Structure formats: structure tokens, C-alpha cells
Amino acid sequence: MAERAPMNRILLWGGLAILAACLSTVQVAGHLASPAPAGASPTGADWLDAIILYHSVLPRIAVSLVAGAALGLSGLLLQRVLRNPLAEPSTLGVSAGAQLAMTVGLLYAPALMDRAREGVALAGGLAVVGLILAMTWRRGLEPVAVILAGMMVALTATMASAALILANGDYLFSIFIWGGGALAQQSWGPTLTIALRLLVGLAAAVLLMRPLAILGLDDASARSLGVALNATRFAVIGVAVWLAASVTAEVGVIGFVGLAAPALAHLSGARTQSQKLVAAPLIGAVLLWVTDGLVQLLAGANGERVPTGAATALLGGPLLLWLLPRLRMFEWPSLNNRPAPSRRSPHPRLLIGVIALLGLAAAALALTVGYGPDGWSLATGSLLDRLLAWRGPRVAVAAAAGAMLAAAGMLLQRITANPLASPEILGVGTGSGVGLTAALFLVAAPGIGLQIAASAAGAVLMLAAMLALSLRAGFGPERLLLAGIAMSALCSAVLTAVIATGTPQAFTLLRWLSGSTNDAGPADAWFCAGAAVLLLAALPLASRWLEILPLGDVTARSVGLPVQRCRILLVLFAGLLTAAAALFVGPLSFVGLIAPHLARLAGLGRATEQGIGAVLIGAGLMVVSDWLARTVAFPYQLPLGLFAALLAGPYLIWLLSRASPRAG
Amino acid sequence: MPGPDHTPALYELDAVGFSAAGRPILSDLSLRLEQGRIYGLVGPNGSGKSTLIRMLARQQPPGAGRIRCLGTEIARIGERDFARTVAYMPQFTPPAEGMTVRELVALGRFPWHGALGRFGAEDAAKVAEAIAETNLDAFADRLVDSLSGGERQRVWLAMMLAQDTRCLLLDEPTSALDIASQVEMLGLVRRLSRARGIGAVIVLHDINMAARVCDEILAMRGGALIAQGTPDAIMTGETLGAIYRLAMGIVPHPVTGDPIGYVL
């Protein structure tokens, strides 16, 4: 059986390639349909068909192949050089940085964009990667820290782009669609550009093959084998970023291929460096080719609204999920180096008190200080009374949502014993978005009760799927994260596809995605705060379970914990918390990831203390973010998650870089 | 409660078998382990020792046959009841991130107080006793991660003692320890087992170490029990040769006179 597996996988990829070829043939045939009768001169319509064929249909097929291959190669290089199975152009923020640079360019320097599109994209991508490397250099580019920093920066860049798009209204709505990666072509130019970059990248990768193989070892071994460590590393990263940025410049953000192609190559049995170097670009190319074929097939007569870049996850996500449990030998040793253990505070209660005071101060700030047409103002007395009706609900919603997300993050990190688990990363937030989408489309005007039920159902389903995967034998933390990212990408693809339809529901979803408490009224506030109080009050009951579960199933079972039952209960709980919060502040706040880490790094180690600390930090963080979101760009409302990431991210990275790695 | 004249066996195995991916790992194993005795489980790699001890610990259900613990089928015992009877230390103990020694040891009281019950005076006393018995008093408030390998292994032993069980199951508790820590660890297990009158099953690679601490040795090969007996009965060149498929001999210990095995 084991011997036949690689054969099966070769068949799988061969089958997909044939499918893609068939789809392409159908498209090409559509334009060759009527062979001109012998002797008759070609009609105008025939000429038009021929022109479309040579200048749109064929280039589109070619560009999907070269872009997929370039992204596959870029992901492979980044994963290798950073020794990080989750590194790729999207998780490292290359695509997001390039997109932000281009959005800014389009708005403020259109002339520059016209001349140096690729340069702008490359500058954005390099700036983001440089930032991430600088932040995590002192941690020795440790995978967990790099991914945390990368996702934070990528999220910030995406949010900033979304904010610019929202602030400029319909004018830039097409950028959003482009942001999803639209492969429609008018010439061979982009294909040739990317193909050239791909060839250069491949040549560089072949030249650097030996140093690359050694870079897979740890730094000390690499240095002792005489590799110029940093020079090689920067050269490889430069090539990878260049590939990804040029793809972004030519066809937009195409997520997921860079992550999935190398992982799928590995899962399909490519073991050596040279095998992977061949397999990853090929798989990337096939993946994008098939996806684009399907997108065109499904778009049919309505004209196409679903960006291919978003749809890659629809195909690649399930593929990755299907392959993940089917392979042994897939654990990278790297992620097992957890973040270094933090010191424990000798006075946890005092610390919690200080955090609570800071949270209260944040609430007071958000309630009293505002920024209006006349500049900053401090509201007191009767003015405050009038403003409270507006500001009170917002602050309450923000605090309650932040608290619930933080609690959900703490639960998930402890259930899975995985420092990177959080509602955002395991796709729970986007899962609740899919539930919400279903409610919006199936029911004309769903009430709040139905909305929350639908998004909770989405979140719980998502978590249940993750958990079912993680319970399989040998499903380590990396696989769980990969599965979570695949699921998350899948759900985002669904959301993007729906948003791209441009219906009123789409705008509702776009607003939801960017997370805003702008419309929060008293009813929302009561509901959100009530949910938070009810759910959080139940949390201390589980504190003993949460103390034991991080030690793993074996230990938990041997001290008599009913492991399955605990898991199911806690997962339901985390799903409810996430859904209730995400309904009001969107799925991308990052508070669920950051707050538990902040509490832990601040010195709160035990389950109860960490839980209380995380809840308070989450609430405070969200209140301050909300305040900044409404004041910084007045009269515009910026996305909430942007500030949550901006506020806590750098502090988290600083804390991570300060703690010394565990000895031995 | 055991009857006045008839004590049930700690474990009774009846035709127990297990196979993974079509390959038999254990087949048709029947044996009886008495209470209060120390059993050493030896055998070459892949002989099924770890699988057997994981089944005894109920970490893995048997593929065939029945296992009874103190007269009751183990699948029918509730989680916490089972954890009050049997404590298990896996081959690789997980990192106890951010936990102090006392907190980790206190987790051993979970089967007694449960998720919501009060951590009472008796629990605190048992934890203090376990820490004292494993000579960890000086480390009680240190982080577990900051201890050496031997000290960390003692912490996990203390957690098992706090569990206050009738039996300890240890899967290669000495594999990562230096010789002094090995002697200390196993000496501790033997002393505590005697003092508390509880049984123990220990998977060991070092046959001489097993002969030193165990009352009885169970030797496995290829998923079957090939020899069982006191150390004196097992420690012959012939039996050791059959276990490890290696020419081995025995010399008497120059001081104690106990048999010591060596490779020819």
C-alpha cells in the first residue's frame, strides 16, 4: 500500500493537469467553433474570434501557468530558507505589502504606477519582509515569531488597503476585485514578464541548491559547513520576494498557491531538494491552471465576478486537507521550539489589578475624549451625558467582543497545546462569516438572533472539523495550523466570491470583514455585553481542565480527565465566544491570538490568572482600537482590526524577542 | 475491597492481542500480575513492551482479549476511578510550560477532587507528602522547565504519587538519565513501592538495572512473553541469549554476588 501511494499521487496530479487541459481546450474550441467554409473569406466575426483567441484566451492560460509556477517556487524558497513550513508570500505579507504599495500608488501617484508598476510592488513587498526580518532577527528568525510577525504585518497592510478602498468608495471597488487576483489578459506582456522572472528565479535556485540544502540544517551546522549564512539567506529571500511581487504587480494577489504548492509537493512524495524544486512550481502551475479553468467555466454567460486568486483556495484548500493526514514524516522539528518560557510574576493578583485599572482608563478615555471638526475635545458634564448615548454602546460592544475573543484564544491555545492557535488562525472567525453569509442570502432580512445563530453554527462547524483533524494519530501542531490556514483560506475565498458579486449583501459583508462598531446601538451593546458576561462567567468552571489539557492527551487521560468530552464542550464554548464577538467586530481582529500571549508573557501562568488577564487585556485593547479607529482619520471610520494589530503586535514581538530562548 | 482470604490480582490478561496496519504487535498474551510487586518489562526494540504498558494504562484499547484490573474489566471502570487505581508515566513527558513543581504535582489530585471539587486539606497533605518523598522540597516553587532531566523525571513521579494509586506504570523512566539519576530514580520507585505497598510495572532497557530493582522480570520478544521469573531465574546466559538473540554471559557482582549480564 505504501509503495502505491506515490503512484496514486502522480495519477492525481496527472488527472488534474488533464482536467485543466480539457477546460482550456473547451475555451479555445469556443473561439475556433466555425471553420470558415472553403474559399470564403473570413468574416468580421471570425477575425474577432481569432483576435480574442490570440490576445486573451491563450495568454490567460499561459499566465495562469507561469504565475502559479512562480508562486510555487517563491513559497518553496521562503519555506526552505526560513526553515518554516508556513512561510509563503501571503503569510509573510509580501502580497499584502505589494498590494498596499500599489493601492497607495494608484491613489497618490498614478503616473508612477503607470511607469513602474512592478517597482512599486517590489518596494512594498521588500519593505514588509524587511520589517518582519528586523523584528524577529534577535529571535534567530524562529518560526513561531516570524509567522506571528508576518501575519500581523500582512493583516495590517490588508486592513490599510481595505480602509483606503472603503474611504474612496466605489471608485476603488474594482481594486478589491483585482486584489483577489483576476487573470483576464489583453496581451502576452504579463506572461512574458512573469516567465522571464520565473526563469531567472529557477536559475538562481539551481545555483543556490547546495547552500539551500545546508540552510535546512540549523545555523550552527550551516556555518560550520562554511556557508555564508546571511548573504545566502538574503539572496534567496530577495529572489522569492521578487517573484511574488512581480506576480502581484501583473495579476494581483493570488493567495494560497505559495503555501500549498510546496506542502503538496512534499505530501506527494518529493523528498530531495531537486525533486521539490521541480515539483513545487509544477504543482503551483497546475493548481492555478485548473482553478482558472473552473472559474471561467462556472462564470459562463454572466461575465466573471469571482477572482481566480480567491478561488485557488476553493480547490487547493480541500486538496491540502485531504492530503495532510495521509502522510507520515511530515513534522518539522522547528515549530516544536515553543516560545521561550516566560518568567512568572510573583504577584499575579497585583498584576491583574494593574491590567484592570489600565482597562478602565482606556474605557474612560474612549468615553470622554473625541476628535471632531474643531479638533480634540474632552467631554464633561451635560455634553458627556449626550455623547454617552453614542459612545457608550460602542465602548461596551468593543470591550465585550475583545474579552470574548481573548477568552476564545486562550481556550484554543490550551486545548490544542499550540501557541499559534487562535480563532483567527484556525479559521473560526471566517467560518462564522460563512455562516453569516448563508443567513444573509437565505433569509431576506435576518434578525440579530438568526445572525448570531448562523455565525455560531459556522464557527462551531469549523472548529469541529479542525478538532476532528487534530485528533487523528500523529497530527502535530504544524498540521493543525496548516489545516487551519487552509480552512481559513477556503472560507475567505467563499466570502471574497460573495463580495465580488457586488450585491447589497456584499457590501454588508465587506463592512463586517473590516470590523466596525460604528452602528452599534444600545440593543447591540446589551446583547454583546450579556453574551460576554454569561459565557465568561462559565469559564472558571473549566479552569482545572485548562490546567491539564496543555500537557497532552496521555497525561490528561492518566489523571482521569474525560478528554473527548472536555474537548467537545470547550470547543463549543470557544465557537460560541468567537461567533458572538465576530458578529460585531469582524473576523480579523487578532485579539484572540495576541491577548493570551500578552497575559502569559506579562507573567500570568496559571489557567485562571491567564484567563482573567487575557480577557481584561482583550477588552482594553479593543476599546483603545475602537477609539483610534474613530478618531485617527476623522471623519472616516477605519477598520477596527487594523488598530488592534498595530497596538498589540509590536509589543508582542518585543516581548518575544526579549525572552531568551530555552536552553538545551 | 478485596475479600479476607482472596486478593484479586492487580492485572489479569486473557488472550490479549493488538495489531497495527495489519501487522501483529502483540498476540495471545495471558498473564497475571500480583498486587504490591515490582515487575520489569524487558525485551528488544519492537517487542511490544510499550504497547503492553499503554494497554495496561488504558491509553490504548486492546485489539483482542480482556484486561481486568483488581477484578474488573478495565473498559468498564470510570475515568476518575481508574486514575485513582493506576498512575502512568509515558516514555516522553510533555513540556510543562510555565508550571511550577508544586502546581504540576497538584494535578495528580484531579482524580480525587475532579473539575469542580474543593482542593482540600487532604489533597494539600498528599501533595506535600509526594514532594517530600521525592526529595523535591527545595524545588517546589521552581518552574518545571528550569530543572534538569533527572529532577524533572522525579517531578512526574511525585505527580503519580500524589495520585495515590494502587499501581505505578512507568514506560522507560530512565532512558534519558545519566547513571546516577537512573539508580536514584529506580531506587526511589522501589523504596516507595515497598513503603506504600503498591505495585509497579516498569519498562526497562537495561537488564542489569531491571534485575537490581524488580521482584519479577517479564521478557518479551516479537509480541509474545518468552520468559517470566525472578531475576535469578532470568539472569542466565541461555535466557538472555534467547531474549536478545545475542551471545551473553553472567558474572557475579563482586560485592553483592548478584548476577550481572554481559555481551560475549
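Predicted model: local features only at pLDDT ≥ 70, side-chain atom pairs only at ≥ 80, totals over all residues.
Helix α21 of chain A covers residues 522–538 and contains 17 residues. From the first C-alpha to the last, α21 reaches 24 Å, close to the 24 Å expected at 1.5 Å a residue. The buried residues of this helix are A:Ala525, A:Phe527, A:Cys528, A:Ala531, A:Ala532 and A:Leu535. In general, an α-helix has 3.6 residues a turn, so residues three or four places apart point the same way.

A:Arg391 lies in helix α16 of chain A, which spans residues 381–416. A:Arg391 is classed as buried because 22 other C-beta atoms are found within 10 Å, and the cut-off for a buried residue is 20 or more. Leaving aside residues up to four places away in sequence, A:Arg391 touches A:Ala366 and A:Leu367. A:Gly370 is 21 residues from A:Arg391 along the chain, and a distance of 9.7 Å separates the C-alpha atoms of the two.

In chain B, strands β11 (residues 248–252) and β12 (residues 259–263) run antiparallel and are joined by 5 bridges. Within this pair, B:Gly249 stands opposite B:Tyr262 of β12. The two strands form a hairpin with 6 residues between them. In the turn, B:Gly257 has a positive phi of about 85°.

Between the chains, 24 residues of chain A are in contact with 25 residues of chain B. Helices α22 (543–548) and α23 (553–558) of chain A each supply at least two residues of the side that touches chain B. By class, this side of chain A has 10 nonpolar, 6 polar and 8 charged residues.

Definitions and conventions
Residues numbered from 1 in each chain as written. Chains lettered and ligands numbered in written order. Helix = DSSP H or I, 4+ residues; strand = E, 2+ residues; numbered from the N terminus. Expected span 1.5 Å × (residues − 1). Buried ≥ 20, exposed ≤ 12 C-beta atoms within 10 Å, placed from the backbone. Contact = placed C-beta atoms within 7 Å. Pairing = 2+ DSSP bridges. Nonpolar A, V, L, I, M, F, W, Y, C, P; charged D, E, K, R; others polar.
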